[in-house]
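Here's a quick walk through one structure, part by part. Have the view open and follow along.

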Amino acid sequence: MKPTLLLINPSNQYRRGFTLRQESRQVPLGLGMVAALTPSHWKVILLDENIKPFRYRPADLVAITAFTSTVARAYEIAAIYRSQGIPVVIGGIHASMLPEEAKQFADAVVVGEAESIWPAVIRDFEAGRLQKIYKAPPADLSQMPAPKHEIFHPSYLFASIQTSRGCPMDCDFCSVPVFNGHQYRLRPVEAILEEMASLRNRLIYFVDDNIVGYNDKAREHALEIFEGMIRRNLRKEWFAQASMNIAQDKELLKMASRSGCKMLLLGVEAESESQLHDTNKRLNLKLGINNYAHAFKAIHKAGIAVLGAFIYGMDSDTPATLRKRTQYILRSSVDVIQASVMTPLPGTRLYERMAKDNRILPARLPEHWQHYHFSDVVFRPAQMEAETLASEINRAYATLFQGGALRLKFLRTLWNTRSLRTAVWAWNSNFNYRSVALERPSIAINSHQ
Ligand code: SF4
């Protein structure tokens with residue numbers, strides 16, 4: 001009989017976030033890659049808490065991935081399997097940033113991109129010599145197979161695809177350069193197109209941190225993907241994250257639109273320069289905040305909606321600047337609103353700086369990692385009490401996501417993009433963010449909760 005590898009995608013038990021609505025659930029793509037790299041003499045099963053609550057299933061080996069906000073749940077599930085004598089391997093961004101913590105809850109920890117080390121983990125397990133820590137170098141994307149999408153539940157509306165890894169920027173709050181490195185690594189275009197063509201999903205989420213990159217090579221790569229999608233008549237609709245510089249590239253925008261792009265997430269972060277300096281958001285500073293409106297207009301002209309990502313709680317923020325940000329979001333032509341509380345994730349410069357200055361709020365760890373989901377306050381803001389920031393974000397959510405504001409956004413998207421389909425995309429996306437924001441009130445954590 002084949003040995004069984006059980007892959008587990010845990011979900012946050014305090015806030016369900018994007019898993020609340022079917023429209024916003026995202027497949028655990030990394031586990032699809034682990035499945036693809038597992039030898040064929042293994043049986044691979046995915047237990048996905050995005051879809052169904054945990055139910056114990058026997059296995060020979062368990063592999064769990066986790067973000068910081070889901071790691072407490074990952075440790076709980078790991079304990080269940082370890083109590084049955086079944087070895088557990090844990091990986092993902094949180095375990096990579098805090099391997100010393102993770103190794104207390106697992107038999108082995110994969111640090112970094114699992115792809116380059118997973119075959120060795122399986123070999124060691126089979127030889128009975130599983131090691132405590134596996135340090136994985138950045139994977140060579142030209143050698144990687146496509147993730148095994150068949151293991152994902154068919155109810156996922158969006159398929160996820162990755163075209164590149166790494167980011168040369170250095171935003172204070174972001175763990176991408178630490179985890180995936182500063183160098184761009186690009187997947188071969190034909191492999192990406194083949195993967196897309198094999199998927200039954202019409203809707204695609206490109207999980208890249210920036211689909212168009214910051215240099216000529218990355219731009220050409222994106223252009224080739226868009227042209228390939230058009231040439232092959234793939235008929236997908238997609239969204240992705242990008243940086244503001246895409247707005248200055250008419251050709252790229254046109255081809256993105258023709259290949260099915262409906263929405264681009266832009267890290268706007270803030271509408272004032274002092275807050276952009278707080279987070280070292282160099283590209284936005286270079287563009288200049290006065291040019292945001294032109295950038296949004298250029299994207300709209302291609303029939304694409306702008307998903308604006310904003311941060312509440314930067315060091316120069318006061319209650320007054322936060323309310324100004326809310327008004328800016330309402331007035332601006334941003335179509336879809338993502339408003340997050342500043343969150344110092346382990347492994348980022350922001351976390352190190354705040355820990356050094358004793359600004360991380362005391363917490364019962366690992367349980368309280370579940371509050372690191374971008375809606376609660378987990379640090380002492382520089383210019384207000386933590387509770388004040390929590391009540392300001394609650395006030396912002398109530399204003400931004402009220403029905404009238406969203407209806408107005410819908411009409412503006414329709415007017416600006418002249419596309420009903422894009423406006424419907426934006427409308428649905430706003431409801432995804434609305435349900436995440438209003439699921440429960442934001443709080444400032446304290447160790448007595
Ligand atoms: S926020 Fe975006 S641009 Fe900044 S470092 Fe992270 S991935 Fe790069």
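## Around the ligand

How do the residues of the shell around the ligand divide into nonpolar, polar and charged? Six are nonpolar, one is polar and two are charged. Bear in mind as you look that this is a predicted model.

If you want to pick the shell out by name, the ligand is surrounded by C167, M169, D170, C171, C174, V176, P177, D209 and G267.

Next up is an open sheet of six strands, with parallel pairing and the order 7-10-11-12-13-14. Strand 7 (158–161) and strand 14 (336–341) sit at the edges, so to speak: each of these pairs on one side only. Going from one strand to the next, the twist averages 20 degrees.

Let's start at the strand 7 end. Strand 7 runs parallel to strand 10 (residues 203–206), and four bridges join the two. To find that pairing on screen, look for I161, which stands opposite F206 in strand 10. Strand 10 also runs parallel to strand 11 (residues 237–242), again through four bridges.

Strand 13 (residues 305–312) pairs with strand 14 in the parallel sense, over six bridges. A309 stands opposite Q338 in strand 14.

## A helix on the sheet

What packs on the sheet, touching strand 13 and strand 14? That's helix 13 (residues 319–331), and its direction makes about 175 degrees with that of strand 13.

## Helix against helix

Two packed helices are described by the angle between their axes and the distance between the axes. For helix 13 and helix 15 (residues 386–400), the angle is about 15 degrees and the axes are 10 Å apart. Angles under 35 degrees count as roughly parallel, and the two helices are therefore roughly parallel to each other. The crossing of helix 13 past helix 15 is right-handed.

Which residues make the contact? Helix 13 brings P319, L322, T326, I329 and L330, while helix 15 brings T388, E392, A396, T399 and L400. Sorted by class, this contact of helix 13 with helix 15 has six nonpolar, three polar and one charged residues.

Definitions and conventions:
Residues are numbered from 1 along each chain as its sequence is written. This is a predicted model: local features need pLDDT of at least 70, side-chain atom pairs count only at pLDDT 80 or more; totals for chains, interfaces and linings use all residues. A residue is near a molecule or strand if its C-beta atom, placed from the backbone, lies within 6 Å of it. Ala, Val, Leu, Ile, Met, Phe, Trp, Tyr, Cys and Pro count as nonpolar, Asp, Glu, Lys and Arg as charged, and the others, Gly among them, as polar. Two strands pair if DSSP finds at least two bridges between them. Axes are lines fitted to C-alpha atoms, for helices over the stretch in contact, and angles run from 0 to 180 degrees between N-to-C directions. Two residues are in contact if their C-beta atoms, placed from the backbone, lie within 7 Å. Angles under 35 degrees count as roughly parallel, over 145 as roughly antiparallel, 65 to 115 as roughly perpendicular and the rest as oblique. A crossing is left-handed if the near helix is turned anticlockwise from the far one by less than a right angle, and right-handed if clockwise.
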